[in-house]
Amino acid sequence: MNNRIGPDESAVVNPNTARSQTLFEHFRKRKFIWAIFFIIFIVASIVIPTIIVTENKTKREGTSTMEKITATAAAEITTAMTTEIATAVTTGVVTEITTLTIAATTTTTTTSEQLTPSIIISSKTKWKQNAVTVAGGNGPGNQLNQLNQPRGIHVDDDSIYIADTDNHRVVRWEFSADKGEIVAGGTGPGHELYQLNFPLDVVLDKEKKYIIICDHRNVRVVQWSLQNSQNQQELIKIVCSGLAMDNNGDLYISDWSEHKVIRWQQGDKQGTIVAGGHGKGNQLNQLNQPNYIFVDEHHSVYVADGTNNRVVKWMKNATGGTLIAPWANSNSMYGPISVIVNHIGNVYVSTQKSHRIKRWSRGALDGPTIVGENEGGSGPTQLGYPSDLSFDRHGNLYVVDYRNSRIQKFVIDLD
């Protein structure tokens, strides 16, 4: 009889069991919540430093695109974490946390893969000596797969704009295309606004809505709309021999006959002298028939001072230039026609009469040959009176091979 459980004893046992189960559930949920926050801490420890390192790298390389991607990735990670935590708390399923961790890792990896790193061109950078012909190369002529002694180029993200000089036109040639398309001129030499006469150079405006052309024999600089080929405008009367655009969208024009370089802004009648302007001569405040020009991020102007056989640099608001590549040794600098400068100050010069591209480093008395040979020719390693130069964003070097009526691409050698 003493071993039997009566109604009163049974009523005592059931509440104890229920409280034990409730307590167990309480501790299980607390443990689960602590697990959630621990995993969040681990994910944050991985993601946040990655974002910080990526942002720092982006700032060093000057790439604003990566900042946008990183910010987007961070927002996606935050949203994913919030959603997954809410799901985990509601359902109590631990696998949702695993999904969260994978999602965060995948987002970070994708962000890294989307980064296009800048190519650092140093004093030791080399280019493959066998060039690839990317425009022309089918003999001089006026067909769309031909050029006729071109002079100037502008390399854009997906194409090259070419001042096809002896065809009196500007041609846009997409990368990997076998022919170009006429975007200005092409109706023979003439002085009408819809015509060109011996164009020497071309650039795009900052918004890439217009092409600006050095219309040499018409003694003017003109602007053509890329959206409407009937929309042309004369910007200024000048014997232009070269063009450049700074990061503010201001236009720089090399005045061959007045031996100066001017900066031109919308609405200007004459522009502002930024180099030369003291008559023809070889003093450091003078120029003598300047050719192509380059403007860096500090608005310093580099001038291929043709007849003086030198390259000079005029800093912003300077009253005189600085000798960058010497004129005393005419074998080193014979007939410079074009100049470009990389971010560390190395100067690349096309010396037309010696059929080579040379590089000058700071303080150097001579520059090594980068591409081309001592003798002109039409082979893949040769140039014939090279003219204008340009780099693309991958560090490849483009050269206007004037005599051979072609544009040569020298691929950067990363091996």
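Visitor: Among contacts in the chain between residues at least 6 apart in sequence, what share joins residues at least 24 apart?
Guide: The share is 46%, where contact means heavy atoms within 4.5 Å. This is a predicted model, in which local features need pLDDT of at least 70 and side-chain atom pairs count only at pLDDT 80 or more, while totals for chains, interfaces and linings use all residues. Residues are numbered from 1 along each chain as its sequence is written, and side-chain values use heavy atoms, with hydrogens and water left out.

Visitor: How many helices and strands does the chain have?
Guide: There are three helices and 26 strands in the chain. Both are DSSP runs numbered from the N terminus: helices are H or I with at least four residues, strands E with at least two.

Visitor: And how much of the chain is buried?
Guide: Of the 415 residues in the chain, 46% are buried, that is, under 20% relative accessible area with a 1.4 Å probe and protein chains only; over 50% is exposed, and in between is partly exposed.

Visitor: Let us turn to the sheets. In what order do E7, E8, E9 and E10 come?
Guide: The order is E7-E8-E9-E10, in an open sheet of four strands with antiparallel pairing. Two strands pair if DSSP finds at least two bridges between them.

Visitor: Which are the edge strands there?
Guide: They are strand E7, residues 199–204, and strand E10, residues 232–236, each of which pairs on one side only.

Visitor: Over how many bridges do E8 and E9 pair?
Guide: Strand E8 (residues 210–215) and strand E9 (residues 220–225) pair over six bridges, in the antiparallel sense. In this pairing, Asp215 has Arg220 of E9 as its bridge partner.

Visitor: What joins E9 to E10?
Guide: A hairpin joins them through six residues. E9 and E10 pair over four bridges, again in the antiparallel sense, and Ile236 in E10 is the bridge partner of Val221.

Visitor: Is Gln223 buried or exposed?
Guide: Gln223, which lies in strand E9, is buried, since its relative accessible area is 11%.

Visitor: Which residues does Gln223 touch?
Guide: Leaving aside residues up to four places away in sequence, Gln223 touches Tyr210, Ile211, Ile212, Asn231, Gln232, Gln233 and Leu235.

Visitor: Where does Phe198 lie?
Guide: Phe198 lies in the loop between strand E6 (181–185) and E7.

Visitor: Why is Phe198 called buried?
Guide: Phe198 is called buried because its relative accessible area is 11%.

Visitor: What does Phe198 touch?
Guide: Not counting residues up to four places away in sequence, Phe198 touches Arg151, Thr165, Asp166, His168, Cys214, His216 and Arg217. His216 is 18 residues from Phe198 along the chain, and the C-alpha atoms of these two are separated by 5.8 Å.

Visitor: Moving on, how are E11, E12, E13 and E14 arranged?
Guide: These four strands form an open sheet in the order E11-E12-E13-E14, and their pairing is antiparallel. The edge strands are E11 (240–245) and E14 (272–276), each pairing on one side only.

Visitor: How many bridges are there between E11 and E12?
Guide: E11 pairs with strand E12, residues 251–255, over five bridges in the antiparallel sense.

Visitor: Which residue in E12 is the bridge partner of Met245?
Guide: The bridge partner of Met245 in E12 is Leu251.
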